[in-house]
Amino acid sequence: MTLQANNDTLITVFGGSGFLGRHLVRALAKRHYRIRVAVRRPDLAGHLQPLGRVGQIHAVQANVRNTASVEAAVRDADIVINLVGILYERGRQRFDTVQAFGAEQVALAAANHGARMIHISAIGADEKSSSGYARAKAEGEKAVLAARPEATIFRPSIMFGPEDEFFNKFAALARILPALPLIGGGTTQFQPVFVGDVAEAIARAVDGAAKAGSTYEVGGPEVQTFKELMEYVLEVTERRRFLIPLPFPLAKFQATFLQYLPTPLLTPDQVELLKTDNVVSPAAEHEGRTLAALGIAPTAMEVIVPSYLWRFRKTGQFRTGRFA
Ligand SMILES: NC(=O)c1ccc[n+]([C@@H]2O[C@H](COP(=O)([O-])OP(=O)(O)OC[C@H]3O[C@@H](n4cnc5c(N)ncnc54)[C@H](OP(=O)(O)O)[C@@H]3O)[C@@H](O)[C@H]2O)c1
């Protein structure tokens with residue numbers, strides 16, 4: 001596709017103001033697409049404007065729980081991308097209303113307007129999961145494919161990058177706590193993937209490189225256990241802390257209280273999610289539904305994570321005071 005054609009292509013990105021959103025908007029802006037970012041609070045999406053040229057990126061108000069607002073945000077779009085997801089439930093933001101009903105509204109609107117659809121789910125999406133998050137992600141995928149069978153779906157493993165929830169959270173905890181918890185013994189496996197690689201994969205799908213109707217599973221170059229990831233956080237932040245195994249039932253009991261913090265540290269649903277490995281399946285590898293199939297060599301954690309976790313070191317970036 002030529003740059004001129006990209007100029008004429010309007011992409012609506014639901015959830016474009018979030019962690020993955022800002023990286024995706026940057027990748028799309030570089031390719032000269034016109035981008036409409038649909039979020040509940042467009043006034044809080046101002047950080048996206050400098051990622052493109054004047055007038056290239058435009059924020060509109062939309063709530064995926066509100067069908068009319070979704071319809072309006074999709075009008076005239078050639079491609080619709082849904083990044084909306086929540087980590088915990090609050091008020092009317094429930095897993096099923098946002099990740100299942102909401103995804104369905106976006107797909108139905110895309111179908112009405114004849115727009116292509118790309119949907120972001122998560123590894124672990126499973127209708128039979130004990131986690132409400134994972135069940136709603138599976139229902140969302142099903143609803144998207146029912147409305148738009150040629151949609152491309154991406155399921156990332158846990159994503160890392162400067163604004164991530166995972167590494168920043170545990171590095172912050174290591175600063176104030178004498179020990180870090182190894183939830184469920186710390187044996188759950190993850191395949192952390194750089195947010196920039198996920199954004200690039202979605203942008204390549206927009207360019208037409210992905211198979212329609214396929215579900216891509218995106219993970220980084222290495223599989224690591226929760227315990228290994230905690231050890232890595234401590235190494236990068238140069239902290240010595242105990243790592244204490246916390247059996248799932250105990251973690252769940254603690255989470256019943258921690259979920260009520262303004263930004264919950266841990267919820268019972270997240271404990272359920274941690275019971276299942278979060279890695280790219282052999283089927284996805286075998287069938288070429290991975291980053292490699294899109295020509296992307298995944299970036300290692302070691303290249304990116306130290307560049308933003310240094311601020312949790314006792315000595316910041318100035319001096320290496322190994323293991324405070
Ligand atoms: N982060 C990870 O490690 C990870 C791993 C696997 C899968 N995923 C999935 O990848 C996607 C992007 O994740 P992320 O980390 O970038 O999430 P994020 O930073 O929390 O961003 C979520 C976006 O959704 C918007 N949003 C929330 N509720 C909405 C609603 N009712 N209507 C419209 N917009 C709404 C938010 O904006 P407002 O709140 O301003 O509306 C925000 O722009 C999500 O679907 C997530 O489940 C993430």
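This briefing describes strand pairing, salt bridges, surface charge and selected residue contacts in one structure. The model is predicted.

**Strands S1 and S2**

- Strand S1, residues 10-14, runs parallel to strand S2 and is joined to S2 by five bridges.
- Within this pairing, valine 13 stands opposite valine 37 of S2.
- Strand S2 spans residues 34-39 and is mostly covered, with five of its six residues buried.
- In a regular strand, side chains alternate between the two faces of the sheet.

- The C-alpha atoms of arginine 40 and glycine 15 are 8.5 Å apart in space, while the two residues are 25 residues apart in sequence.

- Side chains of opposite charge can pair when their charged atoms come close.
- Glutamate 200 and arginine 31 meet through their side chains in a salt bridge, with an N to O distance of 2.9 Å.
- This pair links distant parts of the chain, 169 residues apart: glutamate 200 belongs to helix H7 (residues 195-207), and arginine 31 to the loop between helix H2 (19-30) and S2.
- Glutamate 200 also forms a salt bridge with arginine 204, in which the closest N and O atoms are 2.8 Å apart.
- Both glutamate 200 and arginine 204 are in helix H7, where four residues, about one turn of the helix, separate them.
- Arginine 31 is buried because its relative accessible area, 16%, falls under the 20% cut-off.
- Glutamate 200 is partly exposed, with a relative accessible area of 22%, and arginine 204 is likewise partly exposed at 24% relative accessibility.

- The side chains of lysine 227 and glutamate 231 meet in a salt bridge with an N to O distance of 4.0 Å.
- Helix H8, residues 226-237, holds both lysine 227 and glutamate 231, which are four residues apart, about one turn of the helix.
- Glutamate 231 counts as partly exposed at 37% relative accessibility, and lysine 227 is partly exposed with a relative accessible area of 36%.

- Glutamate 302 is placed in helix H12, which covers residues 301-304.
- The relative accessible area of glutamate 302 is 40%, so this residue is partly exposed.

**Glutamine 270 in helix H10**

- Glutamine 270 is found in helix H10, residues 268-273.
- Glutamine 270 counts as buried because its relative accessibility is 15%, under the 20% cut-off.
- Glutamine 270 and lysine 252 are 18 residues apart in sequence, and their C-alpha atoms are 8.8 Å apart in space.

Technical notes:
Residues numbered from 1 in each chain as written. Predicted model: local features only at pLDDT ≥ 70, side-chain atom pairs only at ≥ 80, totals over all residues. Heavy atoms only, no water. Helix = DSSP H or I, 4+ residues; strand = E, 2+ residues; numbered from the N terminus. Buried < 20%, exposed > 50% of the residue type's maximum accessible area, 1.4 Å probe, protein only. Pairing = 2+ DSSP bridges.
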